[in-house]
Amino acid sequence: MSTTRVYSTDEHDLPPEHDPADEVAEHGFSLRERLLKPRTLISLALAVAIIVFVFRGLDIDVRETWRQMQQINPWLYLLAFGAFYLTFPIRALRWRLLLRNAAFPIEHGRHSWASLPALTEYIGLSWFANCVVPAKLGDAYRGYLLKHNGNVSFSRSVGTIFAERLLDMIVLFALLVVSGWSVFGTRLPPLARYAFLLGLALVVIIMVGLGSMRFLSPHLRRWMPPRFHHVYGSFEAGTLLALSARSLPALFGLTALVWLLESLRLFLVIEAMGGLSLALPAVIFVALMGSLLTTVPATPGGLGIVEGGIIGVLQSGLFGISGAAAGAVAVLDRVINYWSIVFFGFVLYLVSKRK
């Protein structure tokens, strides 16, 4: 999750200096080319350095962590996989509703480029891209996939993805506040405090951005170079039309369902380990905090940052979980919501005819 920027093209008006997002928007996602970029290599090195720092800095016994990981209940762990992958078609259903609101010809593509399997595939491919390269390039790639397969406006497509991110951040932050208050009251540990501040900052930015689009559009265009007017207009229309007031209850309902399933995933991981007594609000808080940390674009999919956040919070005095157990929870959970996406996403990337 993250805020989504306005990309400069689907009308072949790229500026002379292309940035990575513009290149993806224009030509799609080349895995080999992206992996060899210095920016990607640096971000991966940073992720490894953070993981090493977390395990060494928090004095986590790696052998004990591995021993605890080997003792999990495989059936509960498989259910955790199921809960996580069930979110993909639900996300696709929500995106189709946003696209319909934004006047995309969904009915014409209902059995092809706009079918639920197709939209689920675009989301899977974009998540794979987000997990292997930094800066959330997968969002631009999803817009490219819709444009490439449906011959629709790229900028308006990105507008619907931006609207989707708005919904995610608002619901995620609301659930985070409720679960955090249930668990900590006014005694927030430092890491949780930072997560709250990050979430609050993103929600404020989102609301200011949305309000500016709604009420200050003429003023924004006045300050914008004329060549971007058409692209921005499509993006703005995609965002504002997607968030139709009539469909907001359904959109918020689907979004809440997604995040509750994300919480259920971590709950099942912890249950699969056994012996850890964490109240349900605490599990929800940790799961949502981890999801919030994936918005930090410094490393692919928040690799290293998310693991450090989960371990740090679980090891805090309020939870009192050992370093090895906290490390095992973080690794097992990230096998599901990071490494499995890398694996299955790579297979999908190889065989997909829609990429």
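# Buried charges and covered helices: worked exercises

The side chains of Arg 91 and Glu 262 come together in a salt bridge, 3.0 Å from N to O (a salt bridge is a side-chain nitrogen of Lys or Arg within 4 Å of a carboxyl oxygen of Asp or Glu). Before you start: this is a predicted model, where local features need pLDDT of at least 70 and side-chain atom pairs count only at pLDDT 80 or more, while totals for chains, interfaces and linings use all residues. Residues are numbered from 1 along each chain as its sequence is written, and side-chain values use heavy atoms, with hydrogens and water left out.

**Exercise 1. Work out which parts of the chain the Arg 91 and Glu 262 pair links, and say whether each partner is buried or exposed.**

Step 1: Arg 91 belongs to helix H5 (residues 74-101) and Glu 262 to helix H12 (residues 248-273), so the pair links distant parts of the chain, 171 residues apart. Helices here (H or I, at least four residues) are DSSP runs, numbered from the N terminus.

Step 2: check the burial. Arg 91 has 3% relative accessibility, so it counts as buried; Glu 262 is buried too, with a relative accessible area of 4%. The cut-offs are under 20% relative accessible area for buried, over 50% for exposed, and partly exposed in between (1.4 Å probe, protein chains only).

Step 3: look around Glu 262. Leaving out residues up to four places away in sequence, Glu 262 touches Phe 84, Thr 87, Arg 91, Trp 127 and Ala 287 (contact means heavy atoms within 4.5 Å). The C-alpha atoms of Glu 262 and Ala 287 are separated by 6.9 Å, although the two residues are 25 apart along the chain.

**Exercise 2. Follow the charges on from Glu 262: which residues are linked in the network of salt bridges?**

Step 1: stay in H12. Glu 262 also meets Arg 265 in a salt bridge, 2.3 Å from N to O. Both sit in helix H12, three residues apart, about one turn of the helix. An α-helix has 3.6 residues a turn, so residues three or four places apart point the same way.

Step 2: move to the next helix. Arg 265 forms a salt bridge with Asp 333, with the closest N and O atoms 2.7 Å apart. That pair links distant parts of the chain as well: Asp 333 is in helix H15 (residues 323-351) and Arg 265 in helix H12, 68 residues apart. Both Asp 333 and Arg 265 are buried, Arg 265 with a relative accessible area of 1%.

Step 3: collect the members. The network links Arg 91, Arg 94, Arg 142, Glu 164, Asp 168, Glu 262, Arg 265 and Asp 333. For the whole structure, the count is 13 salt bridges.

**Exercise 3. Find how many residues of H7 are buried, and what covers them.**

Step 1: check the length. Helix H7 (residues 137-150) has 14 residues, which should span 20 Å at 1.5 Å a residue, and its end C-alpha atoms are 20 Å apart, so the two agree. The expected span is 1.5 Å times one less than the number of residues.

Step 2: count the buried ones. Twelve of the 14 residues are buried, leaving H7 mostly covered; among them are Tyr 141, Arg 142, Tyr 144 and Lys 147.

Step 3: name the cover. It includes helix H1 (20-27), helix H2 (31-35), H5, helix H6 (116-132), H8 and H15.

Step 4: see what follows. Just after H7, Asn 151 takes a positive phi of about 50 degrees.

Notes
Helices (H or I, at least four residues) and strands (E, at least two) are DSSP runs, numbered from the N terminus.
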